[in-house]
Amino acid sequence: MNFLSLEHASKSYGEKTLFEDLSLQINQGDKVALVARNGSGKSSLLRMLAGEEPLEGVGVSFYRNRDVRTAYLGQDPAFDGSMTVLDAVLDQPFEWMDALVTLHRAHQSRPADGWEKVVSSLDEPGAWELNARLRELMGKFGLPGFDARVGELSGGQKKRLALVRILCGDPEFLILDEPTNHLDLSMIEWLERYLSQPGITLLMVTHDRYFLNNVCNAICELEEGHLYKYPGDYEDYLEKKTQRTMNEAVVREKTEKLLRRELEWVRRMPRARTTKSKARVGQYYSMKEQLGRPVQTEMEEIPLETPRLGSKVLELHHIHKSFGDRKLIADLSYKFRPTDRVGIVGPNGSGKTTLLRLLTGQLKPDQGKIVAGETLAIGYYEQEGLSLREDRRVIEYVRTIADYLPLRKGHKLSAESLLERFLFPRSQQQVYCSQLSGGEKRRLYLLSILMANPNFLILDEPTNDLDIITLNVLEQYLIDFPGCVLIVSHDRYFMDKIVQHLFVLGPEGQVADFPGNYSDYRTAMEAAPLTEKSTVASVPAKTRRPGQREKRQMEQIERELGRLSEERDGIVAGFSENSLAGDKIALAHRRLAELQARILELERQWEELLEQSAG
């Protein structure tokens with residue numbers, strides 16, 4: 001069954017053409033992802049398909065099956081701030097939500113003859129199922145109660161509210177623009193499982209590469225105004241796109257040879273042009289225009305010369321931080337090493353951004369102290385830190401930070417060249433910041449952090465709104481970066497590629513230090529979940545004096561934990577310093593997994609002994 005068809009669509013902003021004569025078809029069961037560089041028109045295309053923007057194009061035609069329950073999630077959903085959360089959910093034109101609307105409107109009216117009578121008279125058999133589903137989703141996505149005002153919600157909560165609003169009606173066809181933004185990792189994994197259901201047809205813009213690989217059965221790429229469709233998952237897309245670009249390179253080489261021959265003919269062409277000669281001139285300029293299109297190239301390594309980090313980088317000594325009765329960080333101690341690659345994970349509201357602000361000095365700890373090394377130079381990419389002067393050109397904005405980035409052996413990289421490395425060609429460097437897309441502005445903000453030449457990068461959700469090509473550029477930059485990196489990100493693929501161990505934020509401010517990337521952590525969680533009371537590189541804090549037998553057993557466990565933790569830290573340091581030979585890396589990974597499993601088991605035993613002694 002055909003759910004949606006679009007033919008001969010175009011979109012322009014002033015003189016800039018985003019796409020032209022574009023066609024797309026979505027059938028029942030399709031799970032299609034739309035990927036493209038920032039500013040290519042992805043969101044504009046989705047808004048057109050959802051009826052939020054008018055259709056453009058010569059002979060454009062559009063069909064959407066009105067018998068299919070269809071829902072659209074925009075990138076920046078708009079709500080009336082004076083509404084309650086419940087009113088915002090019910091304020092939508094979906095016919096399949098009528099039962100839920102009737103139920104809650106009746107509940108709000110509270111007639112004089114009693115609520116029970118209203119309930120018994122409701123001829124809405126689906127109302128109770130919808131209501132139960134709504135409450136489940138509200139809890140799943142961490143939203144406040146029905147009576148909370150929308151105006152008091154954060155930007156992330158509003159995006160999650162919009163997602164709950166469309167999912168509670170169980171739609172058949174979903175059009176989603178960056179659905180994973182502002183979701184924590186557990187929410188993303190739940191959404192991935194939900195969208196994988198066979199009864200859901202999907203068209204979405206996303207750059208979450210695990211989503212692309214685990215959910216999608218086709219990927220459409222919008223490139224240079226053309227739409228290329230690749231059946232299969234992300235891995236299939238990479239293989240088929242590589243083949244296409246190789247074929248284009250062959251065609252380009254042949255075209256260049258033909259162009260040179262045409263150029264020779266044009267130069268010696270007689271003044272009295274015949275019809276045939278005019279046709280050949282037209283062919284020449286057509287080929288020249290085709291060859292003038294930019295060619296994608298992989299980013300070359302940038303041999304950075306960052307300020308040297310001494311042996312003391314940044315040290316945390318028994319850090320505590322609370323807001324009112326809410327404890328976010330409890331007794332955290334850690335010494336960062338010069339080549340650390342650390343990720344921070346935890347549910348929304350667990351204190352990830354708070355921890356980053358403590359490290360950067362924006363917040364002061366309630367207890368404990370933070371000691372910075374003399375050579376420390378922090379570059380902090382804040383989640384909400386984007387502030388660009390709209391009347392300033394791209395190159396001017398970067399030059400307010402620095403004109404050059406120092407490289408090894410005394411070389412320099414100009415602001416223009418670094419902009420090119422991060423996919424701002426020379427022509428776009430003269431564009432005003434106001435003309436950039438949301439993703440392009442974030443890319444520019446990130447670039448300004450890098451231009452300051454820090455030796456310790458702290459990145460809070462750096463992947464939001466970045467396209468896949470930019471993500472690859474950023475990942476390669478961070479892999480080559482000679483300093484320390486600390487990352488908060490919901491992008492699992494990005495975390496797996498960059499980080500070497502994790503700070504796992506748990507309840508009551510506890511922080512666990514896990515050796516490995518995010519996928520390693522999820523595997524360990526499934527095998528033996530981390531105890532809620534574990535802290536970084538230590539056993540849980542003692543809260544009561546145990547009996548003598550339990551005390552001896554606990555001391556024995558503590559000694560073994562210390563020995564295992566020391567061995568684990570040595571292996572992690574080996575990974576950080578790249579000191580392991582190729583044939584020993586696999587053995588080291590296996591030993592790390594064994595150590596972590598044993599540490600988790602010992603921590604569980606320690607907790608049980610503590611509970612026994614307390615009883």
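## Charged side chains

Glu-56 and Lys-11 form a salt bridge, with their closest N and O atoms 3.0 Å apart. The pair ties together distant parts of the chain: Glu-56 lies in the loop between helix H1 (42-49) and strand E4 (61-64), and Lys-11 lies in strand E1 (residues 2-13), 45 residues apart. A salt bridge here is a side-chain nitrogen of Lys or Arg within 4 Å of a carboxyl oxygen of Asp or Glu. By that rule the whole structure holds 20 salt bridges.

The model is predicted: local features need pLDDT of at least 70 and side-chain atom pairs count only at pLDDT 80 or more, while totals for chains, interfaces and linings use all residues. Residues are numbered from 1 along each chain as its sequence is written, and side-chain values use heavy atoms, with hydrogens and water left out.

On the surface, Lys-254, Lys-257, Arg-260 and Arg-261 gather in a patch of positive charge. Such a patch is made of residues with over 30% relative accessible area and no salt bridge, like charges being joined within 9 Å; the areas come from the Shrake-Rupley method with a 1.4 Å probe. Arg-260 belongs to helix H9 (residues 234-267). Helices (H or I, at least four residues) and strands (E, at least two) are DSSP runs, numbered from the N terminus.

## Two open sheets

Strands count as paired if DSSP finds at least two bridges between them.

| Strand order | Strands |
|---|---|
| E5-E6-E7-E3-E8-E9 | 6 strands |

Strand E8 (residues 218-223) runs antiparallel to E9 and is joined to E9 by 6 bridges. Ala-218 stands opposite Pro-231 in E9, and Ile-219 stands opposite Tyr-230 in E9. E8 and E9 form a hairpin with 2 residues between them, and Glu-224 in the turn has a positive phi of about 50°.

Strands E12 (residues 341-345) and E18 (residues 484-488) pair in the parallel sense over 4 bridges, with Val-342 opposite Leu-486 in E18.

Technical notes: Patch = residues over 30% accessible without salt bridge, like charges linked within 9 Å, V, L, I, M, F, W, Y side chains within 5 Å. Lys, Arg positive; Asp, Glu negative; His and termini not counted. Charge placed at Lys NZ, Arg CZ, Asp CG, Glu CD.
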